[in-house]
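Dear colleague,

I am passing on a structure that I would like you to look over, and my notes on it come after it. Please read them beside the coordinates.

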Amino acid sequence: MSSNALIKGSLQTIILKLLEENEKMYGYEITQKVKELTAGEIKITEGALYPALHKLEAEGLLTTEIQQVDNRVRKYYSLTKDGQKEVSSKLAELQAFVESMQRIINPGLKPELGF
Amino acid sequence: MRKLSEQELKLVQMAISEKGINSAELLMEVYDHFLSHLESFPEEQFEVQLNSLNLKWSKRYCAKLQDNLRKNLNKTVRKIQWNLIKSYFSWPKFFITLLLIGGITLLINLLTSKLQLAILFSVPLIYLTGFLAMVLFRTHQKLKPIKSTFKDSGLKINSLYSSYFITYLTLPFHFYNICLNIPRILKANQLVSDELVNYLSIGFCFIIYIHAITVYEAWKIKSKTALI
């Protein structure tokens, strides 16, 4: 499993990117989607996910919607207009960081990463 | 994916009740997380999975999460309210602001008795009281499903948004007491000249009106999606 510290640093970007692709998602669904996309390599813990979701909501990047599902109430998160704008800048930031890391780790390799 | 039995649901509710969460916003999210997780495992693994969830969602972690959520919700509403206040000082709403100040100034200059002045102040206060009653009623309606799910838990479930709005809606009443009633009790009201009282009245009245309008607009935005 990947290091928790590395995941924590990019958690907000992961959430924003997933919501950009999936319109609306609930907390547990996000953890499962990340697990599925990374074949279990990255596991987002509840301890990190919910504070990040609540923070993004407070910053106005996410909005919430409540729906009755089966025997309970479910809280869905989706991107606000500001959140949609933020996705591309966060992704560009992460991409630049990964490229810089590549140059440090492997100076001979020219990275060509795409998100 | 399977449906949990009544017995299993009761066990989940009991486990969550012990976490001491009383915010409806967090409670519904934790409950949904627990159920979504447990539904993806067969019946034989229910106990093991519930125990693992219990360990991850410790009482201490839940308390911290609830505290952070409270801060974040307050921040969200304050941000909405501040943006609304700012909009009243930019075109075209600035025109309404000028009209409001002009109207209040004119009214206060026209008023001749203290009773008339009291009426001017009491209009937004009466409006806020009615609004407060509506917020309480709407919150009560929205919390019904969550309260009924956890009815045996003994938890005192509240909406964090509702607590925030109630506090802010009652602010002008404290303000009224501090600025008008306390000086009167201390017989300090004669220290301020009548002319200054007029300017203060315009200022206070304007603040109360802007406060009442922005709280209502912030509530209108949040009530579409939140438990309020």
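Residues are numbered from 1 along each chain as its sequence is written, and chains are lettered from A and ligands numbered from 1 in the order in which they are written.

The model scores ipTM 0.85 and pTM 0.83. Where pLDDT is low, the predicted coordinates should not be read in detail.

Chain A contains four helices and three strands, where helices (H or I, at least four residues) and strands (E, at least two) are DSSP runs numbered from the N terminus. Their order from the N terminus on is α-β-α-α-β-β-α, and the C-alpha trace of chain A spans about 55 × 30 × 20 Å along its principal axes. Of its 115 residues, 28% count as buried, a residue being buried if 20 or more other C-beta atoms lie within 10 Å of its own, exposed if 12 or fewer, and partly exposed in between, with C-beta atoms placed from the backbone. Two residues are in contact if their C-beta atoms, placed from the backbone, lie within 7 Å; among contacts in chain A between residues at least 6 apart in sequence, 51% join residues at least 24 apart.

The three strands of chain A form an open antiparallel sheet in the order β1-β3-β2, and strands are taken to pair if DSSP finds at least two bridges between them. The edge strands, each pairing on one side only, are β1 (24–25) and β2 of chain A. Two bridges hold the antiparallel pair β1(A) and β3(A), and A:M25 stands opposite A:Y77 in β3(A). Between β2(A) and β3(A), which also run antiparallel, there are eight bridges, and A:T63 has A:S78 in β3(A) as its bridge partner. The hairpin that β2(A) and β3(A) form has two residues between the strands, and A:D70 in the turn has a positive phi of about 50°.

Just after α3(A), A:G60 takes a positive phi of about 85°.

Further along, A:A96 lies in helix α4 (residues 81–105) of chain A. A:A96 is exposed because 11 other C-beta atoms lie within 10 Å, and its C-alpha atom is separated by 40 Å from that of A:V69, 27 residues apart along the chain.

The contact between the chains takes 21 residues from chain A and 24 residues from chain B. On the side of chain A, α2 (27–37), α3 (46–58), β2 (62–69) and β3 (72–79) each give two or more residues, and the largest share, eight residues, comes from α3(A).

The largest nonpolar core has 52 residues, of which A:I15, B:L27, B:V30, B:Y161 and B:F165 touch the most other members; such a core is a set of buried Ala, Val, Leu, Ile, Met, Phe, Trp, Tyr and Cys residues joined through C-beta atoms within 7 Å. Its largest share, nine residues, comes from helix α2 (residues 24–39) of chain B. Not counting residues up to four places away in sequence, B:F165 touches B:V135, B:V215, B:W219 and B:I228.

With best regards

Methods. This is a predicted model: local features need pLDDT of at least 70, side-chain atom pairs count only at pLDDT 80 or more; totals for chains, interfaces and linings use all residues.
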